[in-house]
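The following note comments on a structure for a reader who is new to such models. Please keep the three-dimensional view open while reading the numbered points.

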Amino acid sequence: MDFRLTEEQELLRNSVREFTQQYLEPIAGEIDEEGRYPAEVVAKLAEMDWMGIPYPQEYGGAGADYLSYCIVVEELSRACASTGIILSVHTSLASWPIFQFGTEEQKKKYLVPLCKGEKIGSFCLTEPGAGTDAAAGTTTAVLDGDEYVLNGTKHFITNGPVAGIYIVFAMTDKSKGAKGMSAFIVPREAPGLKVGKHENKMGIRASQTAEIILKDCRIPKENLLGQEGQGYRIAMQTLDGGRIGVAAQALGIAQAALDESVKYSKERVQFGKPISANQAIQWMIANMATDIAAARFLTYYAAWCKDQGLPYSKEAAMAKLFAAETASRHTSKAVQIHGGYGYIKGYKVERLMRDAKITEIYEGTSEVQRMVIAGNLLR
Amino acid sequence: MSGVWVLGERREQTLELLNAGLGLARELGTTVTAFAIQDQGLAKTYIECGADTVYLLGSLAPEQPLEDYVPVIVDVARQKNPDIFLISATPRGKEMAARIAARLGVGLGSECTRLRLDENKSLVMERLMFGGAAVQTVVCLTRPQMATIPPRTFEPAVPLANREGEIIELPAPPAGKVRVLERKPRVQESVDITEARVVVAIGRGVEKQEDIELIQELANVAGGELGCTRPIAEELHWLPENRYLGISGQKIKPDLYIGVGVSGQIQHISGIRDAKVICAINKDENAPIFEAADYGIVGDLYAVVPQLTRELQRVLKK
Amino acid sequence: MPRIITCYKWVKDEADIKVDTSSRQLTLDRVGYKISDYDRNAIEEAVRMQEQHGGSVIAVTVGPPSAKQSLKDALSRGPEEAYFINDPSFAELEPAQTAAILAAVIKGRLEYDLIICGEGSSDLYAQQVGPRLAELLGIPCATYVNKLALEGTRINVERKLDDGIEKISLPLPALVTVLPDINTPRLPGLKQVLAAGKKPVHNIGLKDLGLTCEVTLNTTGILAATMERRRLRFGAGNEDIRKVVDALLKEGVIA
């Protein structure tokens, strides 16, 4: 057993830290406030080879492992959770299914520009009536000659307004339920694809979330990903990997909460001594650090399992569940440590607390993670 | 052994080194030798100010760099075996000192801020390391004991009565491999910040370039000059580079330093540590500057600076 | 096409140094290490020169065996191979020794046109290794350079000095030490990080050098820098500001 990261992973972590210090920390508060997509930072992520970390260099990726990808999401999220999820959705929800289920042609045409960061990826599964119950989706795909015609509305789509490539799930045979769902690669320029309403979110406000409306949207039939009817399986397997990314995001948020709490509690003087001298504060910080260490081990372990080719569905669910609840609980504690200041816009912990909540919701709520874990144990 | 030698790039630096050298020579019971660059008048001044011997370095051709003196100086050092050799730590001085030390095969203390002799009459040098966080004490095991000394570390030597000494002319050095193409003297600012009695420094706590006006007013009322931290000059270019204070910038010794929105990175503190009084204004009560300050005002500079300016105006009747 | 050598030092990160204020002792046991800040500029300048003119870039470092950690870091920044001169006795070298070791390695083993060093190291900041190395190799040098341009068999540089800018021209081979404002070092991309481990590293030990590094400086102490200051605190209220101004008047520092 070796708990050390490789030299390459350590170097990567250092460069992400320098990157966030230089490009992200100075703007994170502002882009949150304005709800502005940090296009200039995303362009730089591509220059750093971070847009296709776990994919082979022949497809434009960096050819590193999934753990390296987690480190990048974690460190980016430590500065700006919005940027963390932009990269996570792009990498694990949009690029991965093409890498895993795509044909060689599909990889050349779609995975390469994603890995190079020339296009941003997005994942369109959720519908107004189909969240956790993804198979209840009503979007349809009908084969018409050499084209599929897609109709329906996807919502809460991360990267929706900025993506160039969408992985869209639609029913090719409604009568079969989950087994009648198929996955498609839909380019932004496909006729009939429209970005609908933008959501005004509580947190991760710099990541763009919108409706994607498909109205007689026509795509070539070779854009079917995998086989007809495989969609639900593709979606679930993709989400397994995505959850590791969200766990890394939550981990980064929680770590930032700890960093801020340590710093503030040593600086803030009340009754003539720094508040860190109080046991109440010390205990909060000790609990925070312990939970974060546990979340980190779970997250890195899930990534390691994926890298080793071992099953990771349960491990990913555990990592996401624990990291998300850690982030939520301890960002709230961090606000508590900051007292009134923590409730004020401009203090980082205020943003962290809003950003943390979503990690318990998207890519499977905490309840879904428990279902997945229990399902793995009780089957 | 031929005593204490000093080499300064310019007159004022040579006089400062002479002062330091005279003190050491007195304790060692030896003589002081200075180098004068191309100027008989300077050689005489150095003798008046305490030098027993002055080596007058011959003229350089216009395209010859000052560093071409290295072989000439090394030759005479080999012949005469000085005991101590102090060189001013200007950029050219530092390069020359390192090259002379390499040729002589001896050690060199860089940018020493304190000198003393120990019980064995060895030169003990103090210098900063780790960006100014620590003081390193070093002793040279070889002779001459060499050190470079930052300008203004010592007061300049003053003329003494009835001084006599010997001026020895050294040959002009032959051209080396390096050719000077052009010299662009720094545009002299009306005020040299190292001469200012009061320096008001701005740091990253100042949000916008326009806000400098507010701090300039304070400086005006206090009769001071504006200085800054490295990022203000080198990254933001809000003030000229010769205004930044720190270990790699200007080192100042004013009566009063006021840091406005300066956090107090060790590299900056190293440039102001010799101020007589340090005053700091910062809203972060745990900014490191407060540890280095005599008077710390915890508060928003945008509220404190105008108040301070008004109050100074009142008491100074300006 | 220039064959470039760039020298760097693996140093303690001064930001991690803790100080015991009463004893003035430094606590160094939890410090991290880094490539000396100024040497990052040196590596970057070497790589930029190679991008412009072709040729090669070799990174050379001297240190204890633990400085092995620095190699992938340095190589990820662009040089194509590294010379790692190491011995347990190389932990606290003085500038004269570092220069002598570098000279011994470079003389016997490397062909070069240009050597680029940082202006000084971020730990000792003695600013001696560059000019000393040039002397030991018998080549011309230019220190405090903030611009350099290759012109055939010469290199033209701008030195930023205390009294202005000096433009000088040196025949190759030559050595320059560069200032931090000569460039902004790039952050290495992930592909470069991964490729670094595949680049050749030449290990050279003390016995391969046939050299005894004589000690010329004896460090008798390293203590935290302290300042005797009053450390009086005031608030932002009118009353407090008045007190501060009164105190400054009494000190005689304003008039």
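1. Helices and strands are DSSP runs, numbered from the N terminus; a helix (H or I) has at least four residues and a strand (E) at least two. The model discussed here is predicted. With these terms in hand, the place of A:Asp49 can be stated: this residue is in the loop between helix 2 (39-47) and helix 3 (66-79) of chain A.

2. The backbone at A:Asp49 deserves a remark. Most residues other than glycine have a negative phi. A:Asp49 is not a glycine, yet its phi is positive, at about 65 degrees. Is A:Asp49 buried or exposed? A residue is buried if 20 or more other C-beta atoms lie within 10 Å of its own. A:Asp49 has 26 other C-beta atoms within 10 Å and is therefore buried.

3. A:Ile204 is found in the loop between strand 6 (193-198) and strand 7 (209-220) of chain A. Because A:Ile204 has 29 C-beta neighbours inside 10 Å, it counts as buried.

4. Chain A as a whole has ten helices and ten strands. Its radius of gyration is 21 Å, close to the 21 Å that the globule rule gives for 379 residues, so chain A is as compact as a globular protein of that length. Along the principal axes, the C-alpha atoms of chain A fill a box of roughly 80 × 45 × 40 Å. Of the 379 residues in chain A, 54% are buried. Among contacts in chain A between residues at least 6 apart in sequence, 74% join residues at least 24 apart.

5. Helix 9 (residues 348-358) of chain A is largely enclosed by the rest of the structure, because nine of its eleven residues are buried.

6. One joins B:Arg143 and B:Pro144, with omega about -5 degrees. B:Pro144 is found in the loop between strand 8 (134-140) and strand 9 (145-149) of chain B. Another runs from C:Leu172 to C:Pro173, where omega is near 0 degrees. C:Pro173 lies in the loop between strand 11 (164-171) and strand 12 (174-178) of chain C.

7. Chain B is divided into domain 1 (4-170) and domain 2 (193-316). The C-alpha centres of domain 1 and domain 2 of chain B lie 34 Å apart. Between them, six residues of domain 1 of chain B are in contact with eight residues of domain 2 of chain B. On the side of domain 1 that touches domain 2 of chain B, three residues are nonpolar, two are polar and one is charged.

8. Chain C contains seven helices and 15 strands. The C-alpha atoms of chain C fill a box of roughly 70 × 40 × 40 Å along the principal axes. Buried residues account for 49% of the 255 residues in chain C.

9. How many residues of chain C are in contact with chain B? The contact involves 66 residues of chain C and 70 residues of chain B. Helix 7 of chain C gives the most to the side of chain C that touches chain B, with ten residues. By class, this side of chain C has 35 nonpolar, 14 polar and 17 charged residues.

10. Strands also join these two chains. Strand 11 (residues 179-185) of chain B and strand 11 of chain C pair in the antiparallel sense over six bridges. Within this pairing, B:Glu182 stands opposite C:Lys167 in strand 11 of chain C.

11. Chain A also touches chain C: 15 residues of chain A are in contact with twelve residues of chain C. On the side of chain A that touches chain C, helix 1 (residues 7-34) of chain A supplies the largest share, seven residues. The residues of that side divide into eight nonpolar, two polar and five charged.

Definitions and conventions. Residues numbered from 1 in each chain as written. Chains lettered and ligands numbered in written order. Predicted model: local features only at pLDDT ≥ 70, side-chain atom pairs only at ≥ 80, totals over all residues. Buried ≥ 20, exposed ≤ 12 C-beta atoms within 10 Å, placed from the backbone. Contact = placed C-beta atoms within 7 Å. Nonpolar A, V, L, I, M, F, W, Y, C, P; charged D, E, K, R; others polar. Pairing = 2+ DSSP bridges. Domains from an automatic or database assignment. Rg over C-alpha atoms; globule rule 2.2 N^0.38 Å.
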